[in-house]
Amino acid sequence: MASMRDIKRRIKSVNSTRQITKAMNLVASSKLAKAKKRMEGTKPFAEETKKVIAEIAEAAGGLKHPMFSHECKGNKALVIVITGDKGLCGGYNSAVCKEALELCEGKETKLITVGSKGRDFFKRREFEFDTVLTGISERFEYSDASNIGQRALHLFKEGEVDGVYLVYTRFISTLSSQPKAIRLLPADPSEFENSKGGGSALTLYEPSEEEVLDYVVPHYINTVIYGALVESSVCELGARMTAMDAATDNAEEMLESLSLMYNRVRQSAITNEITEIVSGSNALN
């Protein structure tokens, strides 16, 4: 049985861990509220851009553009993977990495990774990286999404890749999220068919619908990437809050168990001392 000193040392260690996990839970909760507001503000712009593309498609009699196709022909893919820079968030990082790994199977793949966890995961598997971004998983700006989008468009237009895919974590609720893979390029025209725009059928697009799409589509791609960054950040913070809450509960259970063990050892030591005193007294008599 462990000594009282060992148990006290263990209690002190677990108590310190509990204080840390509790503090991390509070920090994640505070950041989560701000991240949710940010997420709610990004969706309307993406939806409006989608409506504009749908209106142009309707005016042009269908989407006939190099950046649109129902199928992705070819085997060369650029995969954008959004993960976190930190751990202690349950299975958040591993889930999105596994989703991306499954997508990469059977393809000649280049990667753009956001977050050190994704970089480390694919580096161990010797994947080819095009761009690596770290330190921005919680402090990103629209310019970061724009840079990623511009690089993806460049590789697609130059024919270096046949398709561009985005893997991120979709927010369901604070306690639930799901890794998701979508195809950015070529964009699937069916994604825009159900978008109801409020534009007039008499709208004229100058100099042409194709050139307007050349301007609008990159902004849409950038917005989708930015929305994925925001949504993934919310999911990461939610996962960290949940993980730290569970860790705090586990630490409290361990403290109760250790306190009970300490009291038993202490009681046993006192009983032994009393027994020795009584035995010594009887021996003198």
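Trainee: In which helix do Glu-236 and Arg-240 both lie?

Mentor: This is a predicted model, in which local features need pLDDT of at least 70 and side-chain atom pairs count only at pLDDT 80 or more, while totals for chains, interfaces and linings use all residues. Residues are numbered from 1 along each chain as its sequence is written, and side-chain values use heavy atoms, with hydrogens and water left out. Helices (DSSP runs of H or I, at least four residues) and strands (runs of E, at least two) are numbered from the N terminus. Glu-236 and Arg-240 are 4 residues apart, about one turn of the helix, and the element that holds them both is helix 6.

Trainee: Why does Arg-240 count as buried, and which residues are linked with it in a network of salt bridges?

Mentor: Buried means under 20% relative accessible area, exposed means over 50%, and partly exposed lies in between (1.4 Å probe, protein chains only). Arg-240 counts as buried because its relative accessibility is 6%, and Glu-236 is likewise buried, with a relative accessible area of 1%. The residues linked with Arg-240 in the network are Lys-31, Glu-138 and Glu-236.

Trainee: Which strand holds Asp-130, the residue that links to Arg-151 in a distant part of the chain?

Mentor: The side chains of Arg-151 and Asp-130 meet in a salt bridge at 2.8 Å, N to O. Arg-151 is partly exposed, with a relative accessible area of 31%, and Asp-130 is partly exposed as well, at 23%. Arg-151 belongs to helix 4 (residues 142–157), and its partner, 21 residues apart, lies in strand 3 (residues 128–133).

Trainee: How many salt bridges does the count come to?

Mentor: One of them joins Asp-120 to Arg-119, with the closest N and O atoms 3.0 Å apart. Asp-120 counts as partly exposed at 28% relative accessibility, and Arg-119 counts as partly exposed at 29%. The count of salt bridges comes to 7.

Trainee: What is the angle between the planes of Phe-121 and Phe-122?

Mentor: Rings of Phe, Tyr and Trp (its six-membered ring) pair if their centres lie within 6.5 Å, and planes under 30 degrees apart count as stacked, over 60 as edge-to-face and the rest as tilted. The structure holds 4 aromatic pairs. Among them, Phe-121 and Phe-122 form an edge-to-face pair whose centres are 5.0 Å apart and whose planes make an angle of 75°.

Trainee: Why is the pair of Phe-122 and Phe-127 edge-to-face, and which residues form the cluster linked by ring pairs?

Mentor: The centres of Phe-122 and Phe-127 lie 5.2 Å apart with the planes at 85°, so the pair is edge-to-face. Phe-122 is buried at 0% relative accessibility, whereas Phe-127 is partly exposed, with a relative accessible area of 22%. The cluster linked by ring pairs consists of Phe-121, Phe-122 and Phe-127.

Trainee: Which residue lies over the face of Phe-121?

Mentor: A charge sits over a ring if NZ of Lys or CZ of Arg is within 6 Å of the ring centre and within 35 degrees of the ring normal. Lys-107 lies over the face of Tyr-165 in this way, at 5.6 Å from the ring centre. For Phe-121 the distance from the ring centre is 3.7 Å, and the residue is Arg-125.

Trainee: Which strands are included in what covers the buried residues of helix 3?

Mentor: In helix 3 (residues 116–124) the buried residues include Phe-121 and Phe-122, together with Ser-116 and Gly-118. The cover includes helix 2 (92–104), and it also includes strand 1 (76–82), strand 2 (108–114) and strand 3.

Trainee: What pattern does the chain follow along the sequence?

Mentor: The chain has 6 helices and 5 strands, and buried residues make up 40% of its 285 residues. Read along the sequence, the pattern is α-β-α-β-α-β-α-β-β-α-α.

Notes
Salt bridge = Lys/Arg side-chain N within 4 Å of Asp/Glu carboxyl O. Contact = heavy atoms within 4.5 Å.
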